[in-house]
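I opened a new model today and kept notes while I looked things up.

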Amino acid sequence: MTNLQIRWRQWQTTPAYPAMWLILIQIIGGMRDMPMMPFFVIYLQEQIGMSPATISSVVAGSQLVGTVTALLGGALAVRLGSKWLLACGLACAGVCSLVFQAHWLWLVIPLWWIGGAGGALTTVGGGSYLTRLGDRKALGILSALYVLSITIGGSIGNPIGGVLIERYGFGAFGWMMMAITLVSIMVVIFLLPAQRSEGQPGASTGVRSFWLSVLPAVGNAQARLLIGMRCLPTVFYGMLSLLIPLLLNTLSGSKVTVAAYGTTMLIMASSAQLLAGRAADRWGARLPTLVAYAMLIVSGVGLAFSTGTVIGLFVFGILGNAAAWSLSTLMYVWVADGVPKAEHPATFGMLHAVWSLSMITGSMLGGWLVVATPGLPFVLAGLLNAGSLFLTLVYYRPKNTFKSGSLQAR
């Protein structure tokens, strides 16, 4: 055996090897998922003739299906393992790609809802696989790269999808989505190693164990704290995602301004994720988490007093999005710091369900409250995160921190 072969075998035993494939799977997933939503909405409007109200109902239904599936994902991971749960989620996404071949409402709706279930399984499988790789010292930056890889994939997939639809129609776009999904499934099956720490496929548990795996918050105080830490910033993020583009368009009357905001936001938020991940590796997750929540509060108060100015919306909107994206990276470190590895799949299932419901809550509350006073939803949602600061301090108290090797309260 040559030195090159020996080094290759050695590298395959390091956490970097499965991490590389996991990030590649995320990039491919971003190429599929990020173009799917905007083009699906357009497809429903142009090809099926749906009204905006019907379209929103179809999308909301998919989110609710994803919420329920995420809760079941933890229990499924016990039986299948994170790798195979990820493969199942991708398979559902592949089936969902057939929606662009369907021209009947009774077929479009279940296909899209299957995609919602697939997204939940992919999130639970991928997230639990990531936090069980074993190298805690690099988990922060690895989590940032994991989350950013979706954006990278989307930046590749969006223009390709747009050109494909313009030239060949939605049907060709759907087949491309299917092909991309098949590639990612092959990578999972043949290249992504199974984790030794996972339960054996087909493992059986009692009824009580099953429900604890579905609802980890029932038996885990740390998971209950995580619910609040995930919910409160997501409600604020749901408002930002809905209201900032609408308010900018109303004030400026320029789609270029809205596009410039979106581009700048992606750049700054992505940079903030990398910074948060690096900070978590160096100083622990507690400090960057507190800083991010403080930024949300500043953003909410700033937006409340600047909803009438383009510059204010631009600056404080970007600040809020950067903080929210940073917290999405730090979430993986929270789980690794405070939850035993065996409970990671169930915890990620719960957190994905919380994210879905919080996004719905944030967008609906924002839409209602902005009619009364434009600044009201921002200040309320921003100040809610004062509670997140308290939850973080409780979560990282020494007696509440799960200790695994070098993991300590920070």
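The entries below go from the whole protein down to single residues.

**Entry 1: the whole protein**

I noted at the start that this is a predicted model. I looked up the secondary structure and found 15 helices and zero strands. The protein has 410 residues, and 51% of them count as buried. I then turned to contacts between residues at least 6 apart in sequence, and 83% of these join residues at least 24 apart. The accessible surface comes to about 18000 Å². Carbon and sulfur atoms hold 71% of that surface.

**Entry 2: nonpolar cores**

How many residues does the largest nonpolar core have? I read 67 residues for it. Leu130, Leu192, Leu226, Ile244, Trp334, Phe378 and Tyr395 have the most contacts inside this core. I picked Leu192 and listed what it is in contact with, leaving aside neighbours within four places in sequence. The list holds Pro18, Trp21, Leu22, Ile25, Lys83, Leu86, Tyr129 and Val187. Another core, of 25 residues, lies apart from the largest one. Phe39, Val59, Val108 and Phe170 are among its residues.

**Entry 3: aromatic pairs**

I counted ring pairs next, and the total is 14 aromatic pairs. I looked at Phe40 and Trp112, whose ring centres are 3.7 Å apart and whose planes are at 5°, so this pair is stacked. The cut-off for stacked is under 30 degrees. Which helices hold the two residues? Phe40 lies in helix H2 (residues 16–48) and Trp112 in helix H5 (residues 105–131), so the pair ties together parts that are 72 residues apart in sequence. Phe40 has 0% relative accessibility and counts as buried. Trp112, at 7%, counts as buried.

The next pair I looked up was Phe100 and Phe173. Their ring centres are 5.1 Å apart and their planes are at 85°, so I wrote the pair down as edge-to-face. Phe100 lies in the loop between helix H4 (82–96) and H5, while Phe173 lies in helix H7 (residues 170–190). This pair therefore ties together parts that are 73 residues apart in sequence. Phe100 and Phe173 are buried.

Both pairs belong to a cluster that ring pairs link together: Phe39, Phe40, Tyr43, Phe100, Trp112, Phe170 and Phe173.

**Entry 4: helix H7**

I stayed with H7 and checked its length. It has 21 residues, which at 1.5 Å a residue should span 30 Å. The end C-alpha atoms are 31 Å apart, which agrees. Which residues of H7 are buried? I listed Phe170, Phe173, Gly174, Met176, Met177, Met178, Ile180, Thr181, Ser184, Ile185, Val187 and Val188. The buried residues of H7 pack against H2, H4 and helix H6 (139–168).

**Entry 5: cysteines**

I searched the whole structure for disulfides and found zero. Cys88 is in no disulfide, and the nearest cysteine sulfur, that of Cys92, is 7.0 Å away. A disulfide needs the sulfur atoms within 2.5 Å. Cys92 is likewise in no disulfide, with the sulfur of Cys88 as the nearest cysteine sulfur. Is Cys88 buried or partly exposed? Its relative accessible area is 33%, so Cys88 is partly exposed. Cys92 is partly exposed too, with a relative accessible area of 21%.

**Entry 6: Gly116**

I found Gly116 in helix H5. Its relative accessible area is 14%, so Gly116 is buried. Gly116 and Val65 are 51 residues apart along the chain, and their C-alpha atoms are separated by 6.0 Å. Leaving aside neighbours within four places in sequence, I found Gly116 in contact with Ser62 and Gly66.

**Entry 7: Leu251 and Thr309**

Leu251 lies in helix H9 (residues 221–252). I read 37% relative accessibility for Leu251, which counts as partly exposed. What does Leu251 touch, not counting residues up to four places away in sequence? I found Thr307, Gly308, Thr309, Val310 and Leu313.

Thr309 sits in the loop between helix H11 (286–304) and helix H12 (310–338). At 38% relative accessibility, Thr309 counts as partly exposed. Thr309 and Ser252 are 57 residues apart in sequence, and 9.1 Å apart in space from C-alpha to C-alpha.

Conventions. Residues are numbered from 1 along each chain as its sequence is written. This is a predicted model: local features need pLDDT of at least 70, side-chain atom pairs count only at pLDDT 80 or more; totals for chains, interfaces and linings use all residues. Side-chain values use heavy atoms; hydrogens and water are left out. Rings of Phe, Tyr and Trp (its six-membered ring) pair if their centres lie within 6.5 Å; planes under 30 degrees apart count as stacked, over 60 as edge-to-face and the rest as tilted. Helices (H or I, at least four residues) and strands (E, at least two) are DSSP runs, numbered from the N terminus. Buried means under 20% relative accessible area, exposed over 50%, partly exposed in between (1.4 Å probe, protein chains only). Contact means heavy atoms within 4.5 Å. Accessible areas come from the Shrake-Rupley method with a 1.4 Å probe; for residues, only the protein chains shown count as cover. A nonpolar core is a set of buried Ala, Val, Leu, Ile, Met, Phe, Trp, Tyr and Cys residues joined through side-chain atoms within 4.5 Å. The expected span of a helix is 1.5 Å times one less than its number of residues.
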